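Me: Could you take me through this structure, please? I would like to start with the strands and then turn to the cores.

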Amino acid sequence: MKNLIRLILSAIILLFSQAGTADENLLGYIKGAETLPTGSWEIYQVLTSRSNKGTGAYGALDSKTEFEYGVTDSFSASAALKMLKLETSGISVDGYLPKDNSLSMRPSGFEFGAKYNFLSPAKDDIGLSAYFSFESSWIDKHSGQDKDTYTTELLLIVQKYFLEGELVWATNFGLESTYAKRHPVQDLPANFEWSTEPEMELGLGLGTGLSYRIVPKWFLGAEALYETEFETSVGQERWSYFAGPSIHYASQDWWATLTWFGQIVGGGEQFDEQDSKELHLIEKTKEEVRFKVGFNF
Amino acid sequence: MSLNRHLYLIPLASISAISYATEYLSSEQAQKVLFPEADTFTAVPIQLTDEQKDQIKQLAGVRQRKSEVQIWRADKKGEVLGWMVLDEVVGKHEFITYSAALDPKGKVLGIEILNYRETHGGQVRDSKWRKQFVGKVLSDPFKLDKDVANISGATLSCRNVLDGVKRLLAMQKVVSFK
């Protein structure tokens, strides 16, 4: 753990030592509609901590290192490396979490994205963009077991400025389709179901957020996200509402955003040992904390 | 989970990083640049009433945030050349300080950017971009990419400077500058 923290802090310090500017994310989970200007680069580092499944011990840290390039003033393309660290013990969920696992931070997938801005939030009455991404991963982010996953996502982004830009509202509507195939797991508990047949999933997401500039450079925000997922064999596998506050700092050269996201209510598949029946805790946790930092070049 | 606790430390480290604040011109320098032929500058600040602020908003379409406004009259041999109004508009992260020179007939003679600390759009300081404001009057459309070209990556800043200049013209109409 100490080595990981040291690694993260070193990476942050390294990033700060370089010159750059920013096209920032005001919120942690809700995307804004703006794109990068032609020829400019952006680098993001996103860390998301997922913890607490209501029983046992569960903690995961997702890392996403992303480069984005402004191809035109309205179109940007991105590529990202994803990494995962996971510790789970004392939780067994039939079909999902087979056994204790401990993974040090390691590459888990990559993602390519493209964003097109149809209407500018600063120039038009309302901003509108579409974001498309393709992701390939080889580790299941929930259990840490080997699993080949291919995901495409289409996101519609609406953004509006109020009070000359001091108040920003953004809303996202996303549609996600996934093909996944698990690898076999050795030494499974008796009668444990672990399907290695290919599965298809369809996910929907609807999120909204507000961010207000309280003083120059500092923004306070609040955001909420509803997500649901449908899977071939079980129908609606899960749904959840997360919500929480964000704080954002931006200077001329870099920006950072910190968001706490708690699961308010959720449902779908559940397991006997979870301590709350009002939440979905198989593929989600009770809380997430996301930290983002970004630099433009 | 202990990782959560550590994550809170990262933004604290972020805050300590270097930031920049650049003043390109002082208000005295801006006066001389905007009215090079003037021999006298006289401070004639005004205090707007709520009613006047409402009238300005009605004419300009944007709110007048401050009641106190810094204005200097530029004279040449006793003849009024115009006024320089010092103003601020909202940038993406910070306020943008600029000044506009207005002639007695309600026409823009020029603008100068005194402070600009945004990520993109440093071109707002370029004379080519600023010259687009010369000759503007309150009845002009004041639309981005119509009256004045947008600067990519700084659309909000461009729009707010454009709206700001229109607001100053509205102010001049509501409050006769001395």
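Predicted model: local features only at pLDDT ≥ 70, side-chain atom pairs only at ≥ 80, totals over all residues.

Me: How many strands does the closed barrel of chain A have?

Reply: The closed barrel in chain A has twelve strands, which run in the order 1-2-3-4-5-6-7-8-9-10-11-12 with antiparallel pairing. On average, neighbouring strands of this sheet are turned by 20° against each other, direction ignored.

Me: Over how many bridges do strand 4 and strand 5 of chain A pair?

Reply: Strand 4 (residues 101–119) and strand 5 (residues 127–139) of chain A pair over ten bridges in the antiparallel sense. Opposite A:S137 in strand 5 of chain A stands A:G109.

Me: Now for chain B. Which residues of helix 3 are buried?

Reply: In helix 3 (residues 27–34) of chain B, the residues B:A30, B:Q31 and B:L34 are buried. They cover an arc of only 105° around the axis, so they lie on the same side of helix 3 of chain B.

Me: And what do the buried residues of that helix pack against?

Reply: The buried residues of helix 3 of chain B pack against several strands of chain B, including strand 1 (40–43) and strand 4 (79–90).

Me: How many residues has the largest nonpolar core?

Reply: The largest nonpolar core has 41 residues, and B:M84, B:A100 and B:V165 are among those with the most contacts inside it. Helix 6 of chain B gives the largest share of this core, nine residues.

Me: What does B:V165 touch?

Reply: Not counting residues up to four places away in sequence, B:V165 touches B:A100, B:V108, B:I111, B:F133 and B:K136. Another core, of 18 residues, lies apart from the largest one and includes A:L26 and A:Y161.

Key. Residues numbered from 1 in each chain as written. Chains lettered and ligands numbered in written order. Pairing = 2+ DSSP bridges. Helix = DSSP H or I, 4+ residues; strand = E, 2+ residues; numbered from the N terminus. Axes fitted to C-alpha atoms, helices over the stretch in contact; angles between N-to-C directions. Buried ≥ 20, exposed ≤ 12 C-beta atoms within 10 Å, placed from the backbone. Arc of directions from axis to C-beta. Contact = placed C-beta atoms within 7 Å. Core = buried A, V, L, I, M, F, W, Y, C linked by C-beta atoms within 7 Å.
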